[in-house]
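Let's take a friendly walk through a protein and see how its side chains meet. Have the sequence and the 3D view ready as you read.

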Amino acid sequence: MRLSRSLSITSLSGLPQWEEESLPVEDLLLFEVAWEVTNKVGGIYTVIQTKAKITVDEWGENYFMMGPYYEHNFKTQVEKCEPPSQAIKAAMDSLNNNGCKVHFGRWLIEGSPYVILFDIGAAAWNLDRWKGDLWDTCSIGLPYHDREANDSLIFGSLVAWFFKELTDQLQDNPNVIAHFHEWQAGTGLVLSRSRKIPMATVFTTHATLLGRYLCAGNADFYNNLDKFNIDQEAGQRQIYHRYCLERAAVHCAHVFTTVSQITAVEANHMLHRQPDVVTPNGLNVRKFSAMHEFQNLHSMNKSKIQEFVRGHFYGYLDFNLEKTLFFFIAGRYEFSNKGADLFLESLSRLNYLLRVHKSDVTVVVFFIMPAKTNNFNVESLKGQAVRKQMWDTAQSVKEKFGKKLYEGLLRGEIPDMSKILDRDDFTIMKRAIYATQRHSLPPVTTHNMLDDSTDPILSNIRRIGLFNGRNDRVKIVFHPEFLSSTSPLLPMDYEEFVRGCHLGVFPSYYEPWGYTPGECTVMGIPSVTTNLSGFGCFMEEHVSDPSEYGIYIVDRRFRSADESCNQLTQFMFSFCQKSRRQRIIQRNRTERLSDLLDWRYLGRFYMQARHLALSRSFPAKFKMDHLNLTPTQGFRYPRPLSVPPSPSASLHSTPHHSDEEDDDTYDEDEEAERDRQNIKAPFTLGAEPEGKQPLENGN
């Protein structure tokens, strides 16, 4: 997904182009191997898809992606073509002639990279032989019932076989770099290295396998990182063989990378190797040419959400939609890992604070997390039908009223307003009003849940008692399905929905990176994250006062659960107290951080990893003088110099005026200019800063 930002505020012009010596890509071939190439499963698909454009720009025809072949995905996403290299064609022919099937084409995404896809099913007849090879090579045995592990072995064996045929054809000219993502692709790395295939290898873990399992089991993970018996924990969860594959890939790779500093700490304990390079995840950022277009998109999409709310809460719509804020949480349904437990408890406390302070602000909170359902909720569908009927009634009466008024004015008369509508019109309007009466509270969920009684979100909603009552200032809508523009309930794509909301809340406990708050930032929507997510750590490191730029970071690492809950509650309550004008200004500041997340800058870490891998695998041909990599150093995005309590300007530079204006002046262009002057290089990828010694492994 290509996200958009405005050109009008500022670009981080202080971010220099990386001055590292570029690689001779014309003498190299780069292969990126991942289970999610053309195969959407999770967040790694987003990483690979969005990074393709800058990688193709750098490597051109010498860049190839490798993944599993799925017929439907190939037909809908890939344009079949012939390989540009004779060596690659010969390697593919060798596999095809030996009973395996390999497909080649261009992936129809931005950048149109070449893809090489291996048919797992067609090669499954080799599984037992390849299991024996894996055991003989590294003493790792795979159980017959673990389909995913068996498929990863077939895939890895095909990849290693392909690389052996390819390097035999090339004879070190050009050299090969292979970048493997996650344990499913790691088997190919292990087998390639054990067979001494001459190529440079990079392995990236986006989250450790055991870390996900431990956190999903509500373990006190980060306080006990150094206390876990890793082998025992993996064995108890029946994933020891997967863990061994992941750990073997980590230690076989020339260069090991991970996506954030918090995951680097985790990997050091779980996998017993300190990452060589941290490679943060980025996004493609397209800049608008029109001023404040992202603000206009927010206003337009907010109106769509308001229409849904009018229908969903019919009969109980006694709150002012112009003073209603939309919060949301979205992602995989991992109740504790994604922080939904902390969020719900904070919403209960927020509801109490808003009622005690007699606030006229209402908060509607959306939970967008896919769960098992059998259909739409009848009450939800009825609500949208009632809203549509009310709209049609209002339009017909308005048309009749307007026609009579128009004719009267043409005659030079001002019509008698008491006679302009007849008794039938009032009857129609009364009938429409009576139709909005309901005898039950607005539903909490939009669908019929299959596990209603045991569902974690619904169980906690019952515990905290937020049932969308009239007195509740916090309303909840659980949408257990991904958003779609074809939905009869909420016809919006995810990007449109995010743009229409006011605040994204992602208080994750386990989040190696966190694309959801990053997407919010690029779209100019403030968000809540934590210092246990890669994104939160990244922003803490680069922004001197994140909350002023719309990035609220909850401390879940050094505070108790209750203290973290109170902090999140306070963040949301203070956000509710902002005026409309203040929220507009904050969205401008949030959107200005977009360049920090652009692959044009974050992609340089991948360049560094490849360069380092070549220097370690082919030291005679590729030299690298500064191998002591430092953590990210340099600039901290400055706190805005002007943070007026209720800002205004004589000439409004944003599409909406504040409800409350005062005498404070605020000039968006001046603030943007200060940012441009204060911006410094956010990354140093080579030499150590003066006065600092290289960091020791493990510190």
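## A first look at one residue

Is Asp-360 buried, partly exposed or exposed? With a relative accessible area of 46%, Asp-360 is partly exposed, because that value falls between the 20% limit for buried and the 50% limit for exposed. Keep in mind that this model is predicted.

Asp-360 has a partner: a salt bridge joins Asp-360 to Lys-323, with their closest N and O atoms 2.7 Å apart. This pair links distant parts of the chain, 37 residues apart. Asp-360 sits in the loop between helix H12 (340-356) and strand E13 (362-368), while Lys-323 sits in the loop between helix H11 (293-312) and strand E12 (324-330).

## More charged partners

Here is a handy idea: side chains of opposite charge can pair when their charged atoms come close. How many salt bridges does the structure have? The count comes to 37.

Asp-276 pairs with Arg-273, and their closest N and O atoms are 2.9 Å apart. Arg-273 is buried, at 16% relative accessibility. Arg-332 forms a salt bridge with Glu-334, where the closest N and O atoms are 2.9 Å apart; Arg-332 is partly exposed, at 35% relative accessibility. Salt bridges can also join up into a network, as they do for Glu-345, Arg-349, Arg-463 and Asp-562.

## The nonpolar cores

Now look at the nonpolar side chains. The largest nonpolar core has 75 residues, and within it Phe-31, Phe-162 and Phe-163 touch the most other members. Helix H5 (residues 147-170) gives the most to this core, 12 residues. Another core lies apart from it, made of 61 residues that include Phe-308, Leu-344, Val-498 and Phe-506.

Which residues does Phe-31 touch, leaving out those up to four places away in sequence? Among them are Phe-64, Met-66, Ile-88, Ile-116, Leu-166 and His-179, as well as Phe-162 and Phe-163.

The structure holds 35 aromatic pairs. One of them, Phe-64 with Tyr-114, is stacked, at 5.6 Å centre to centre with 20° between the planes. Phe-64 lies in strand E3 (residues 63-68) and Tyr-114 in strand E6 (residues 114-118), so this pair ties together parts that are 50 residues apart in sequence. Phe-64 is buried, with a relative accessible area of 1%, and Tyr-114 is buried at 6% relative accessibility. Both belong to one aromatic cluster, whose members include Phe-31, Trp-35, Phe-104 and Phe-180.

Compare that with Tyr-240 and Tyr-243, an aromatic pair that is tilted, at 6.3 Å centre to centre with 40° between the planes. These two lie in helix H9 (residues 240-252), three residues apart, which is about one turn of the helix. Tyr-240 is partly exposed, with a relative accessible area of 37%, whereas Tyr-243 is buried, at 2%.

## Charges over rings

Finally, where does the charged end of Arg-438 sit? It sits over the ring of Tyr-314, 4.0 Å from the ring's centre. The charged end of Arg-470 sits over the ring of Tyr-316, 4.3 Å from its centre.

Key
Residues numbered from 1 in each chain as written. Predicted model: local features only at pLDDT ≥ 70, side-chain atom pairs only at ≥ 80, totals over all residues. Heavy atoms only, no water. Core = buried A, V, L, I, M, F, W, Y, C linked by side-chain atoms within 4.5 Å. Buried < 20%, exposed > 50% of the residue type's maximum accessible area, 1.4 Å probe, protein only. Helix = DSSP H or I, 4+ residues; strand = E, 2+ residues; numbered from the N terminus. Contact = heavy atoms within 4.5 Å. Salt bridge = Lys/Arg side-chain N within 4 Å of Asp/Glu carboxyl O. Phe/Tyr/Trp six-rings, centres within 6.5 Å; stacked < 30°, edge-to-face > 60°. Lys NZ or Arg CZ within 6 Å of the ring centre and 35° of its normal.
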